[in-house]
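User: Before I take any labels at face value, I'd like to see which cut-offs sit behind them. Can we go through a few?

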Amino acid sequence: MLPSVTGALAFHLILKKTIFKLTDVTAVVSMLQDVNMMLWSVIMVAMTTKGLMSAFIPLLLILWPAFCYTVLSLLGFKPTSIFYNLVSSFIPSLFIVYMVYTLLMFLIPIMGRSGLETSPDLLISGLSGLVIMVCLPFQIGFVYTHNRVSRVISTTSAVILLGLAAIIFTPAGFPYSSNCKDPSMQRCMLVHFDRRFHGVSGKVTYTDSSIWYKPMDFLGAQMMEQNAPWLLAKAKKATCDGVYCGRPYL
């Protein structure tokens with residue numbers, strides 16, 4: 001999430017110093033708030049028109065900020081104040097973070113066992129970026145009302161680079177244990193198949209029996225091929241034969 005936040009802050013900082021350089025800060029913040037509300041209103045109308053019950057989500061993201069904007073303005077708070085932005089963005093941000101957190105807790109264990117079918121990093125990064133895309137527009141006014149945003153961007157960029165360096169150049173980025181006395185187990189599945197293929201008339205056209213090895217880690221069979229090649233010496237890759245490629249349960 002940190003790279004997404006850093007990129008968004010840097011983008012708005014550039015806008016602040018170029019396009020909105022001579023524009024009043026209050027007008028810019030109010031415009032960004034109105035644009036955000038308008039986008040969610042369009043999404044809510046589209047979802048309601050299609051009969052989607054999930055339309056209550058954009059409704060919540062509209063009602064609470066609209067209520068806060070109105071009440072706080074009547075109480076004398078300006079759109080550029082910290083309290084104004086924090087209160088108006090609290091409920092939408094909390095709700096979205098909770099929803100995405102629930103999805104991550106559900107999907108991470110599943111994606112960790114997806115094997116070579118797909119890259120779990122793509123889904124997790126997409127959901128993490130979704131949090132930033134939804135929550136940040138409610139709080140982006142801080143970029144235009146504070147003068148030390150560049151320091152925040154520098155700090156987060158340094159943290160990102162240090163994290164990447166630790167993952168690339170240290171054992172911290174290796175998913176398995178490097179301790180020979182306590183190695184991490186590679187997740188896989190061995191399945192014994194006794195298959196019968198039937199023709200259109202129902203007669204058996206082909207039969208076979210074999211043990212199938214299905215890796216559930218993204219590295220696949222690489223570790224086994226490197227450390228125990230004799231186990232797969234006579235093995236052959238599965239081919240796509242028949243309905244569901246002959247393996248409907250994998």
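**Labels and their cut-offs**

User: What makes Thr-156 count as buried?

Analyst: Its relative accessibility is 12%. Buried means under 20% relative accessible area, exposed means over 50%, and partly exposed is in between (1.4 Å probe, protein chains only). At 12%, Thr-156 therefore lands in the buried class. Keep in mind that this is a predicted model, where local features need pLDDT of at least 70 and side-chain atom pairs count only at pLDDT 80 or more, while totals for chains, interfaces and linings use all residues. Residues are numbered from 1 along each chain as its sequence is written, and side-chain values use heavy atoms, leaving out hydrogens and water.

User: Where does Thr-156 sit, and what does it touch?

Analyst: Thr-156 is part of helix α7, residues 149-169. (Helices are DSSP runs of H or I with at least four residues, strands are E runs of at least two, and both are numbered from the N terminus.) Setting aside residues up to four places away in sequence, Thr-156 touches Leu-2 and Thr-6, where contact means heavy atoms within 4.5 Å.

User: How do you know how α1 runs relative to α7?

Analyst: Helix α1 (residues 2-17) packs on α7 at an angle of about 150°, with the axes 10 Å apart. Angles over 145 degrees count as roughly antiparallel, those under 35 as roughly parallel, 65 to 115 as roughly perpendicular and the rest as oblique. That's why α1 is called roughly antiparallel to α7. The angle runs from 0 to 180 degrees between N-to-C directions, using axes fitted to C-alpha atoms over the stretch in contact. The crossing of α1 and α7 is left-handed, meaning the near helix is turned anticlockwise from the far one by less than a right angle (clockwise would be right-handed).

User: Which residues make that contact, and how do they divide by class?

Analyst: On the α1 side they include Leu-2, Thr-6 and Leu-13, and on the α7 side Val-149, Ile-153 and Thr-156 are among them. The contact has 10 nonpolar, four polar and no charged residues. Here Ala, Val, Leu, Ile, Met, Phe, Trp, Tyr, Cys and Pro count as nonpolar, Asp, Glu, Lys and Arg as charged, and the others, Gly among them, as polar.

User: What makes α3 roughly antiparallel to α4?

Analyst: Helix α3 (residues 56-74) and helix α4 (residues 82-111) pack at about 165°, with axes 8 Å apart. At that angle, α3 is roughly antiparallel to α4. Their crossing is right-handed. The contact includes Phe-56, Trp-64 and Ser-73 of α3, and Phe-83, Phe-95 and Met-99 of α4. It divides into 18 nonpolar, two polar and no charged residues.

User: And why is α4 called roughly antiparallel to α5?

Analyst: α4 and α5 pack at about 175°, their axes 8 Å apart, and they are therefore roughly antiparallel to each other. Among the residues that meet are Ser-93, Ile-96 and Val-97 in α4 and Val-131, Val-134 and Cys-135 in α5. By class, that contact has 17 nonpolar, four polar and no charged residues.

User: How do you know whether Cys-135 is buried or exposed?

Analyst: Its relative accessible area is 9%, which makes Cys-135 buried. Cys-135 lies in helix α5 and touches Ser-93, Ile-96 and Val-97, leaving out residues up to four places away in sequence. Ile-96, counted the same way, touches Leu-61, Val-131, Val-134 and Cys-135.

User: Which residues touch the most other members in the largest nonpolar core?

Analyst: Of its 19 residues, they are Trp-40, Leu-61, Ile-62, Ile-96, Val-100, Leu-127 and Val-134. A nonpolar core is a set of buried Ala, Val, Leu, Ile, Met, Phe, Trp, Tyr and Cys residues joined through side-chain atoms within 4.5 Å. The elements giving two or more residues to this core are α2 (25-49), α3, α4 and α5 (120-139), and α4 gives the largest share, six residues.

User: What makes Phe-77 count as partly exposed?

Analyst: At 34% relative accessibility, Phe-77 falls in the partly exposed class. Phe-77 is in the loop between α3 and α4. Beyond its neighbours within four places in sequence, Phe-77 contacts Leu-72, Phe-83 and Tyr-84.
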